[in-house]
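Hi,

Here is the structure I promised to pass on. Have a look at it first, and then read on for what turned up.

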Amino acid sequence: QKEVEQNSGPLSVPEGAIASLNCTYSDRGSQSFFWYRQYSGKSPELIMSIYSNGDKEDGRFTAQLNKASQYVSLLIRDSQPSDSATYLCAVRKAAGNKLTFGGGTRVLVKP
Amino acid sequence: GAVVSQHPSRVICKSGTSVKIECRSLDFQATTMFWYRQFPKQSLMLMATSNEGSKATYEQGVEKDKFLINHASLTLSTLTVTSAHPEDSSFYICSARPDRRELAGGPDTQYFGPGTRLTVL
C-alpha cells in the first residue's frame with residue numbers, strides 16, 4: 001500500500017462543474033495535509049493546507065479532512081479550463097518534517 | 001510573500017561535468033529546504049532534506065557523493081550534481097519551509113521554487 005494514494009485520472013470535468021479529487025493516506029498519526037497544483041512543465045504551487053477535521057474553503061476550492069477515515073479531498077467549484085493541471089496531495093506524517101506526495105490526479109476541464 | 005527562486009532555470013551540459021543549482025528563499029528564512037527530482041509523467045521524488053548548519057539527510061537510494069548539498073545560510077541551499085550523466089537529466093525542484101509558522105499556509109508548508117531542467121548530453 002502506498003503511503004499517499006490518489007487516482008491518477010484523467011478526471012474529465014465540463015466547464016462550470018465541480019471537480020472532486022480524493023486522497024487517502026496510510027499513517028494514522030499524520031498531522032498536516034496539503035493540496036498543490038502542478039501545470040505541465042512547471043513546479044507545484046500551494047492551493048491549500050488543512051490540519052483539522054472538517055471543511056476549509058478558499059475561493060473556489062474546498063478541502064475536506066477526515067482523520068478517522070484517513071481521507072482528504074479537494075473540491076473545485078465552477079471549474080475553469082485554467083484549472084486543468086495535475087493536483088498533488090501531500091501529507092506530513094507523525095514523525096519527521098518531510099512531506100510525502102501522492103502520485104497526483106490529472107484534471108481536464110473541457111470548455 | 002513566501003517566494004522561492006531557483007537558478008538556473010535550464011541547463012544543458014556535457015557528460016562528466018558538474019552542475020550547481022541554487023535555491024533561495026527571497027522573503028523568509030528557512031532552516032530547512034528540500035530537494036526533489038521529477039522525471040516526465042512521474043510524481044515528485046524527494047532526494048534530500050537540506051539543513052542550515054548541518055549535513056543534509058538523503059533519502060534511500062540517493063548517492064550523497066553525487067548530489068552534494070550545501071545549506072550555507074538561512075536563505076540559500078545549493079545542489080551540485082557531480083560528474084553528471086544522461087540518466088541524471090531531470091527536472092530538479094527545491095522547496096523551502098519557512099521558519100516562521102505564522103506565514104500563510106501554516107506550519108509544515110513547503111513553498112516550491114520554479115525548478116531547474118537539467119539535460120546532460
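A quick one to start with: is Cys23(A) buried or exposed? Bear in mind that this is a predicted model. Cys23(A) turns out to be buried, because its relative accessible area is 1%, and under 20% counts as buried.

Cys23(A) also has a partner. Its sulfur atom sits 2.0 Å from that of Cys89(A), and the two form a disulfide. In case the word is new to you, a disulfide is a covalent bond between the sulfur atoms of two cysteines. Cys89(A) is buried as well, with a relative accessibility of 0%. The torsion about the S-S bond of Cys23(A) and Cys89(A) is about -70°, so this disulfide is left-handed. Now find the two cysteines along the chain: Cys23(A) is in strand β3 of chain A and Cys89(A) is in strand β9 of chain A, so the bond ties together parts that are 66 residues apart in sequence.

What about Cys13(B)? That cysteine is in no disulfide, and the nearest cysteine sulfur, the one of Cys94(B), is 18 Å away. Even so, Cys13(B) counts as buried, at 10% relative accessibility.

Next, the place where the chains meet. Chain A brings 19 residues to the contact and chain B brings 24 residues. Between them they bury about 1,500 Å², with 52% of that on carbon and sulfur atoms. There are 2 salt bridges between chain A and chain B. One of them pairs Arg92(A) with Asp108(B), whose closest N and O atoms are 2.7 Å apart.

On the chain A side, β4, β5, β9 and β10 each supply at least two of the residues that touch chain B. The largest share, 4 residues, comes from β4(A). Sorted by class, that side of chain A has 8 nonpolar, 8 polar and 3 charged residues.

Key. Residues numbered from 1 in each chain as written. Chains lettered and ligands numbered in written order. Predicted model: local features only at pLDDT ≥ 70, side-chain atom pairs only at ≥ 80, totals over all residues. Heavy atoms only, no water. Contact = heavy atoms within 4.5 Å. Buried area = accessible area lost by both parts, 1.4 Å probe. Salt bridge = Lys/Arg side-chain N within 4 Å of Asp/Glu carboxyl O. Nonpolar A, V, L, I, M, F, W, Y, C, P; charged D, E, K, R; others polar. Disulfide = S-S within 2.5 Å. Buried < 20%, exposed > 50% of the residue type's maximum accessible area, 1.4 Å probe, protein only.
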